[in-house]
Amino acid sequence: MEQVIRKWRMEDKYALAALLNNPRILANLRDGIPYPYTVRDAEEFIAAMLHADQTQTFAFAIVENDVVIGSAGIFRCGNIHFRAAELGYYLGETHWGRGFATRAVRQACAWVFAHTDILRIFAEPFAHNAASCRVLEKAGFQLEGILRANAVKNGKVLDMKMYAILKDPEEASHVL
């Protein structure tokens, strides 16, 4: 399978800024991302990802021909959940429906499972985001339930879905 993820580079800032200036992408992400999204915002994000604790934050650029077309991040949880991590991702609109997100999610999860002690990766897409739910299902995630009235986005109370994938149990027994 063609590799579609890599570590961020500061020169990705222009492509990232262009991607995140799309309200259709932001509509399915958590709040806190500036709009309009500037090159300076992209620089700050990339710098934060490059300097993040590499045992806690696993940040990947999604690329086609080495040009950024999206982002995938896996973030370790804390306390009793320290062996679990949350996945988030998005893709530029011109690349929707072409398999990039599914490949990126598979590759990011495989990397985290191979290089860390994380046993569970979960994602919580908005329930109405059928495309994102399908990406997770195609990447091997299982639907665990509906999180009713779990978020408020753009003034609307929304349900979310809880998906998760587990590290292969045989591999997991070697890291306990």
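Aspartate 66 is found in the loop between strands β2 (57–64) and β3 (67–76), where strands are DSSP runs of E of at least two residues and helices are DSSP runs of H or I of at least four residues, both numbered from the N terminus. The model is predicted, with local features requiring pLDDT of at least 70 and side-chain atom pairs counting only at pLDDT 80 or more, whereas totals for chains, interfaces and linings use all residues. Residues are numbered from 1 along each chain as its sequence is written, and side-chain values use heavy atoms, with hydrogens and water left out.

Phi of aspartate 66 is near 65 degrees, a positive value in a residue other than glycine. With a relative accessible area of 42%, aspartate 66 is partly exposed; this term covers values between buried (under 20%) and exposed (over 50%), computed with a 1.4 Å probe on protein chains only. A positive phi, of about 50 degrees, also occurs at asparagine 154, which is not a glycine and which is found in the loop between β6 (142–153) and β7 (156–166). Asparagine 154 counts as exposed, at 62% relative accessibility.

The peptide bond between tyrosine 35 and proline 36 is cis, with omega about 0 degrees, and proline 36 lies in the loop between α2 (23–26) and α3 (39–51). Most residues other than glycine have a negative phi, and most peptide bonds are trans.

Glutamine 107 lies in helix α4 (residues 100–115) and counts as buried at 11% relative accessibility. Between glutamine 107 and phenylalanine 60, the C-alpha to C-alpha distance is 9.8 Å, and the two are 47 residues apart in sequence.
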